[in-house]
Amino acid sequence: MSRLTIAMHFVRAALSGARHRGLDTVPLLQTARIPPLLLADDRARVTPEQFTRLIKALHHATDDEFLGLGPYPSRRGTFAMMCHACLGCHDLGAALERAARFYALFPGGPDMAVSSRTGPDGASEAVFSVRNDLRPYDHGQFLAECILIIWHRLAGWLIGRRIPLHWAQFAHPAPPHAPEYGMLFGCPVDFGARHTAAGWDPHWLAAPVVRDEAALTAMLRRAPADLLSRREWGTTVAEQVRRTLDRALRAPSPARLPEAAEVAARLAVSPATLRRRLQAEGTSYRHLKDAVRRDAAISALTAGHEPIAELAARMGFSEDTAFLRAFRRWTGTTPGAFRTNGGAAHGTAPL
């Protein structure tokens, strides 16, 4: 199970299309096992499993693969037919070009393009972009963000490899939750760009498509919601640090999270260099340590009935009270209240 939790902003954004259509969002949240009261709390977060359930519920409620976020709806089944069309391509570049042509057949659909450019370092880059404005109202930019996430992960699925992104950019100003994007995309991000886009090494475009009809059928049972919520590690320094900390938390209890100097040694850099690189990526070792502990604690409280004292020890806290203070700082509530209002009592049903 992925342990990267999802900020409440993205839950509100996903719901905005349904709300714009006048649909009652409370039943949708209840189907996803997300307590409606959490919507008002900017510090609240949900697990990938809860978010996946919400996206599936929204697909059915809106009868729209764009969740009511686009200028025109996309009928359910459109994404599946596009995937079937891509399977017949020899390589990833041809598959992405075919997908762009496929969606160009529908009015109001995403104007997607695959191109190449010379990056700042003089090397060639492949660029996947969404060139049109898909924002008929507030939160509409979420649709372009979803398309970028889905297409990056679908591209990796088609060739059976993880594709590291060099960068991602978004055609809207930096929001208050901007630090979330680096974790979602695993690369440096920028805002206020002309188009929403991402770049990667062009050699991936020549990679052969390796999936068949049977694999596609299995993938479509979970898509595209699973593509949105699935975790993939990126290539930023922050992601490398987070991966190291996450692995340490999975060790036998009690956990011992490495100090910053230990992590720097594992990455073959000095502590000062690690600190500067994290600062350049808009984060710090302490922030990442808190985020890893927070996400692991939220996932554990949502998934089961582990005693709070045992959970605190497993998170590497020497005292229960220290864990309680930290959890309140992260989420605005206590572990016990979270479990009652937003955890195991509401979120353990399987997909």
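Modeller: A charge sits over a ring if NZ of Lys or CZ of Arg is within 6 Å of the ring centre and within 35 degrees of the ring normal. In this predicted model, local features need pLDDT of at least 70, side-chain atom pairs need 80 or more, and totals for chains, interfaces and linings use all residues. Residues are numbered from 1 along each chain as its sequence is written, and side-chain values use heavy atoms, without hydrogens and water.

Colleague: Which residue lies over the face of F317?

Modeller: R293 does. Its distance from the ring centre of F317 is 4.0 Å.

Colleague: How is a pair of aromatic rings described?

Modeller: By the distance of the centres and the angle of the planes. Rings of Phe, Tyr and Trp (its six-membered ring) pair if their centres lie within 6.5 Å; planes under 30 degrees apart are stacked, over 60 edge-to-face, the rest tilted. There are 16 aromatic pairs in this structure. Take F10 and F142: their centres are 6.4 Å apart and their planes meet at 40°, so this pair is tilted.

Colleague: Which parts does the pair of F10 and F142 tie together?

Modeller: F10 belongs to helix 1 (residues 8-20) and F142 to helix 6, so the pair links parts 132 residues apart in sequence. Helices (H or I, at least four residues) and strands (E, at least two) are DSSP runs, numbered from the N terminus.

Colleague: Is F10 buried or exposed?

Modeller: F10 is buried, because its relative accessibility is 5%. F142 has 5% as well, so F142 is also buried. (Buried is under 20% relative accessible area, exposed over 50%, partly exposed in between, with a 1.4 Å probe and protein chains only.) Now look at F102 and F106, a tilted pair with 5.5 Å centre to centre and 55° between the planes. F102, at 17%, counts as buried, whereas F106, at 37%, counts as partly exposed.

Colleague: Which residues form one aromatic cluster?

Modeller: F10, F142, F170, Y181, F185 and F191.

Colleague: Which residues of the largest nonpolar core touch the most other members?

Modeller: M82, W151, L154 and F185, in a core of 79 residues. Helix 6 gives this core its largest share, 13 residues. (A nonpolar core joins buried Ala, Val, Leu, Ile, Met, Phe, Trp, Tyr and Cys through side-chain atoms within 4.5 Å.) A second, separate core of 31 residues includes A238, L249, L278 and F317.

Colleague: Where is the place of G160?

Modeller: G160 is in the loop between helix 6 (141-159) and strand 5 (167-170). G160 is partly exposed, because its relative accessibility is 43%.
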